[in-house]
Structure formats: C-alpha cells, structure tokens
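Dear colleague,

Below I am passing on the structure we spoke about, and after it you will find notes on what turned up when I went through it. Please read them with the model open beside you.

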Amino acid sequence: MGLWAIVPVKPLNRGKSRLSGVLTKDERAALNHSLLENTLNALHTPSVQQTLVISRDPAALALARELGARTVLEDSHSELNLALQRATVVATLSGAERILILPADLPLLDTTVVDFLVQFSLKAPEVLIAPDRHGMGTNALLVNPAGLLQYSFGPGSFQKHCEQARHANARLQVVEHPSLELDLDTPQDLDLLRVRQGTPSSSI
C-alpha cells in the first residue's frame, strides 16, 4: 500500500525560537536547514513511496525539491492541523493510501528508524503513534487509511490522537524508539542531544 510521508516545516529562519537563549538567529537557521535535510534523507527508503513537504517558506520548499520531495505552499494564515489536512488530500489524490506525519526536528532520525516504525503497519484501519520523550506530544503519526483522523498536533496531541484512534475503532500501536522520542524544542533537548552524540556543547 502506498505510504506517503508529510513533513510540515516552519520558516527556516524563524523556527526554534525557544532556543534563542543558546543559539543565535543564524545558528538556528542553520540548525533548521540541517534538520530538514536530515529528515528528508531519512525518508529515502523503499518503505516510503513519496515525501511531501508543506511550508510557507520558499527556501524550505526549494531544499525539499532538491532532495526529491514534492511540495505544497502553505497559506500564510493556515493553522498546522488544517495545513496537514490539506496536504493529506493532495497526497490522497496522487495515490497515497497511508500517511506518515513526521516533524522536521528529530535529529536522530535515519532510514533505519523510519523502517522500524513502518514495519508495525499491518492493515487498515490502524494508527501508529510515536510519543515524544515526555509522553505528551506526537513525534510520528502513521494513519491507515489516509484521512482516518483529524490531526490534533499541539499540546497534549499524543493523548488526543490515541483517543481519536479508539473512537475510529482502529488498531492503535504505540511505537517507542529513542530516536523518535527526542525532538529539538528547548535548551534541555539540545543538551540531551549533545549527551547522546557525545559532542561538546559548543559544537551544535
């Protein structure tokens, strides 16, 4: 069954504002660029038929196209979940049967992690969800069939997505993996990444 990955991306020069106390604006922009590039490279696996990047940032969309992804220009006033619904419609009209939502801020993501997640997908209806390290947010969401859920990204999204899956009578699979748990939002996340990578604090 065709699996499309959808990657929502904030403007590269404006994202990660909560890291402003430890990284300069240029450092944050470089980090966002690196994270997006890493995410798109991780999705270059036979498990994923196509990757679709949705963003309001022309630079992010240009990078995505360079790396073989399709793109959708997000309306400057659209809310994340509505933008994801729009992208899901675009993917479905192009043949997607399953949808994998991945944020572009998982620094430890690679093809083996993507394959690890996708292997748990069996048959519809099903929802696979990978929580963040706090057990509150959603760091990966696989929905089969596409359009089964109304996305609820934001505070408490992990529980909201689990409840939606139950209401849809879908098989719910919580997928835990160290590389899916860590997203970069706060200085504490950055410190944890440095510990896991064994790098000095000045190198990120």
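In what follows, a residue is called buried when its relative accessible area is under 20%, exposed when it is over 50%, and partly exposed in between, with a 1.4 Å probe and protein chains only. Please bear in mind that this is a predicted model, in which local features need pLDDT of at least 70 and side-chain atom pairs count only at pLDDT 80 or more, while totals for chains, interfaces and linings use all residues. Residues are numbered from 1 along each chain as its sequence is written, and side-chain values use heavy atoms, with hydrogens and water left out.

I begin with strand S1 (3-9), where helices (H or I, at least four residues) and strands (E, at least two) are DSSP runs numbered from the N terminus. Seven of the seven residues of S1 are buried, so the strand is largely enclosed by the rest of the structure. Leu3, Ala5, Val7 and Val9 point one way from S1, whereas Trp4, Ile6 and Pro8 point the other way. In a regular strand, side chains alternate between the two faces of the sheet.

Two strands are taken to pair if DSSP finds at least two bridges between them. S1 runs parallel to strand S4 (residues 98-101), to which four bridges join it, and Ile6 stands opposite Ile101 in S4. S1 also pairs with S2 in the parallel sense, over six bridges, with Gln50 in S2 as the bridge partner of Trp4. From S1 the chain crosses through H1 to S2 in a right-handed β-α-β crossover, right-handed meaning that, with the strands pointing away from the viewer, the path from the first strand over the helix to the second runs clockwise.

Strand S2 (residues 50-55) is in turn joined by four bridges to strand S3 (residues 70-73), and these two run parallel; the partner of Val53 in S3 is Thr71. S2, helix H2 (residues 58-66) and S3 make a right-handed β-α-β unit.

Searching the whole structure finds two salt bridges, each defined as a side-chain nitrogen of Lys or Arg within 4 Å of a carboxyl oxygen of Asp or Glu. In one of them, the side chains of Arg56 and Glu74 meet at 3.2 Å, N to O. Arg56 lies in the loop between S2 and H2 and Glu74 in the loop between S3 and H3, so this pair ties together parts that are 18 residues apart in sequence. Glu126 and Arg171 meet in a salt bridge at 2.6 Å, N to O. Because Glu126 lies in strand S5 (residues 126-131) and Arg171 in strand S7 (residues 171-174), that pair ties together parts 45 residues apart in sequence. Glu126 is buried, with a relative accessible area of 0%, whereas Arg171 is partly exposed at 29%.

With regards
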